[in-house]
Amino acid sequence: MTAKAAPAAAPGSVSDPGAGPRRGWRPALRGARTLAGVAPFFVYILLFLGIPTAAIAAGAFQNPDTGQFTLSNIHTATHGIYLHGFLITTELSVITSVVPGLCGLLIGYAIYTARRGAILRRVAITASGVFANFGGVPLAFLFIATLGTTGLATHWLTAIGFNPYENGFNLYDLGGVALVYLYFQIPLMVLIILPAFEGLRPAWREAAQNMGAGTWQYWRRIGGPVLMPSFLGCLLLLFGSAFSAYATAEALTSGTIPLTAIQIGSFLNGNVLAGQQNVGKALGLGMVLIIAVLMVFYALLQRRAARWLR
Amino acid sequence: MEATNISSATAASVPGHAASGGAPVTLRQVSRSFGTVRALRGLSLEIAPGELVALLGPSGCGKTTALRILAGFETADSGTVTVDGKDIAPVPPAKRDMGMVFQSYSLFPNMSALENVGFGLRMRKIGMAERRRRAREQLELVGLAAQANQFPHQLSGGQQQRVALARALAIQPRVLLLDEPLSALDAKVRLQLREQIRSLQQRLGITTLFVTHDQGEALSMADRVGVMRDGSLEQIAVPSELYTRPATAFVAEFVGTMNRIPGELTTGGQATALGTVTDTQSGCADVSAGAVDVLVRPENLRIAAIANGNGIVTTRTFLGSVTRIHVLLSGDVTVQVDVPSATAAELEPGASVQVSLDGSPVQVAERP
Amino acid sequence: MAAIISDELANETAPPRPHRKRRSYPVWRWIILLLTAVYFLIPLYAALRFAGIASFDDVVHQTGFSDALILSLKLAVITTVITLALMVPTTIYVHLRLPRLRRLLESITILPIVIPPVVLIVGVLEVSPGYLKSTPYLLGLVYVILAMPFAYRSLDAGLRALEVRTLVDAASSLGARWPSTLRRVILPNLRTALLSATVLTVALVLGEFTMASLDLYQTFPVWIVAFDQTSGPVSTAASLLALFVTWLFLLLIVAVGGRRARRTGGAQVDLISVTRRDTVR
């Protein structure tokens, strides 16, 4: 597909996409070929993402028996046990984003200030990448083996006189699930915050020192503020990740914990009250909206971070 | 376009600065190695109060290391560094009272220009009102008062470096350190800032160390220029002396353009090349007699169009008032000869010419 | 200005005084990292102990193991093929000729985060025709949506490091037609990105639990959870196996990617671009 008759930058040629009048049928064909190249993607997205999402949005407002418009699904989804589910999920997500956020920040700082090229750095970064990919089923089993009622750590702790299960801890309820979530949220945070640390120019630190600033003052006035948008953005990502997680909680608790994701799942396989078949869709819609709002804030924070770290 | 208005105040009345500017700086036998690389080998340097010394050299010559040792971001392995007679080695960088301008993008991105400039004052616990006043004064000094509330990402490269300069000066340092501050800027902006920095430095009389790899900058701005190579200072002198009386072959070739012509060195210390005999400059004592390379500047060569001369003109470059003629001599040697453009007409590419030395003392170097 | 020549100073022998500032090596850094290491390694150790060496051998022989694994592998192949077939041309075309669509494309790749798998499967099951729902391969088709952001990010990073537009212009100025350019210039240089996208997709499919379990098909992860009722140690061993294999894949990308980058000067594929999210959890 070369523009045979044209020199470089002819209209419709590769280096001049879409600009200028089209001459001859070859360039026009190129335009058609390009569209043909990307069309399948958009069609696929529409089929497997767009339509299902629309179905959910529509179904959330439909009476399952008559198909008429109704707000009862929404009402059920925002009250009673489902409201409880949202609240618990939010609580869980806040804990498993803020705590890993701070831990990840600290660990990221430790890695960032380590000598460049040192073994420590590389091991830490590789490990973070590896552990951030944990999750779901394998992770649940790991923790059952560790802190389950007959788990190894449970055994150790009991041996030194502190049986967690007799002191209010239970792997299979909210606290336990939160602990498990930390396992992949912390490395995720480290991985995301490290590039932000790397974006801090050494010249800023040296200029600050030159001006008379100590370590604390540097972080307080320059390092901290510059990192803040990235840090907050990371927190949002972590929150969204925890909010929508299903597999870990399901594998761990077999659906006995009141999380929104679990509740949505139960509408597919569990016993559903008559007339409430579409409540699951309403719940889904709610989840999507919440995360969408988070993502908007995330995008705004990213833009601010990009401006400063240019 | 950069606004080039630095308010014209006399030295005594420059706002925000005491009358006497700088402190004397001495480096004595400073050495520093990084692993197996010897970045500095016994560097000794004295900077008089108010003087601007430029360290010039190719990358890796140690000039930046020397500056950073002075600033406190590196420590010397051996040797002493004193400011105003006092050893500053045990003093951390935050307490050295030196203003430093970095190569690029050292402004704090989360603060406006005014806040950046006032940062050093804030670290010195100066109150907000006083801080803002003085910061504004400094910004006026560099001609950016109007940009006081803008953030670094809204400023051009040249403007950022001017703010960085204002920031360094705001703390009234006894020494000013400039680490290739113009390297990251456009050519035109670079030239403008050169003048501004130099005039500001002179009016304030601050002792300044300026590191660069651009000889134009060094030669035009500095009181003295030190040419460095491989961790040592080859020569430190006023610019004109560096140019006309280079102490070593490296300096001769690094500063300005230098031709290398095969020639002979007699035992009596005279050099012969292109059929001419001339004296040699001091500093060639360690070159043994025999076949050598003679180093001559383009303006110290004579050229005339003659049939069957010793060379042929290959190209001609018009440089304004001077035209540079490239000549291919026998033996595959190319030289560049500068002639006034008015007389360059007949020296066309392909013309046969005769090139000779004009008789001024030359530098010689070992033949590689 | 007084010009003091410093030659005499150079001739003095200064007493050598080592000015090495004592670098305070903060212990806290080691403490933090050590504590972190402990927190992360203990569950692994516990799981190994719990499973016992014997289980690792047993795993392969259990009922349903091979069926589940084969199903997962089949789905992985389907998903990977479709994902690459969709994403490679799209990313290349957008990069080269439709830069205005870039923002749209990037927004679309955020969508699978906004519409989590647990919600998506509800919608998919709602609108899918019966003949699709009755086959597990529907999952393969839907997994493409989940894999799409990672494939896009890998390919986009690879393309950006490549300066594709310049290469294509150079190729066409030398007379190459589009198919040749694609085959000889672009794709060979995208090998690392393609490998990365493939591995990410495969790892994602092999670990995907949410949608498979809700669609009631027994893929490998679903089997692991179901088998827990029969034998905990075996399930744990299977989980560990799955983990180690995933890690090997990921380290493979980094190793290959690093070596290639050094040779071709292309982008480093680092582990940051390699994290999976969502559906596996």
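In chain B, strand β9 (residues 224-229) pairs with β10(B) in the antiparallel sense, over five bridges. Strands here are DSSP runs of E with at least two residues, helices are runs of H or I with at least four, and both are numbered from the N terminus. Two strands count as paired if DSSP finds at least two bridges between them. Within β10(B), L233(B) stands opposite M228(B). The model is predicted: local features need pLDDT of at least 70 and side-chain atom pairs pLDDT 80 or more, while totals for chains, interfaces and linings use all residues. Residues are numbered from 1 along each chain as its sequence is written, and chains are lettered from A and ligands numbered from 1 in the order in which they are written.

The pair belongs to an open sheet of six strands in chain B, ordered β6-β7-β8-β3-β9-β10, with mixed pairing. The edges are β6 (98-101) and β10 (232-237) of chain B; each has a single partner strand, so one side of each lacks a neighbour in the sheet.

Chains A and C also meet. The contact takes 72 residues from chain A and 73 residues from chain C. Contact requires C-beta atoms, placed from the backbone, within 7 Å. On the chain A side, helix α1 (residues 25-59) of chain A gives the largest share, 15 residues.

Helix α10 (residues 191-207) of chain C has 17 residues. Of these, 14 are buried, so α10(C) is largely enclosed by the rest of the structure. Buried means that 20 or more other C-beta atoms, placed from the backbone, lie within 10 Å of a residue's own; exposed means 12 or fewer, and partly exposed lies in between.

Notes:
Two residues are in contact if their C-beta atoms, placed from the backbone, lie within 7 Å. The expected span of a helix is 1.5 Å times one less than its number of residues.
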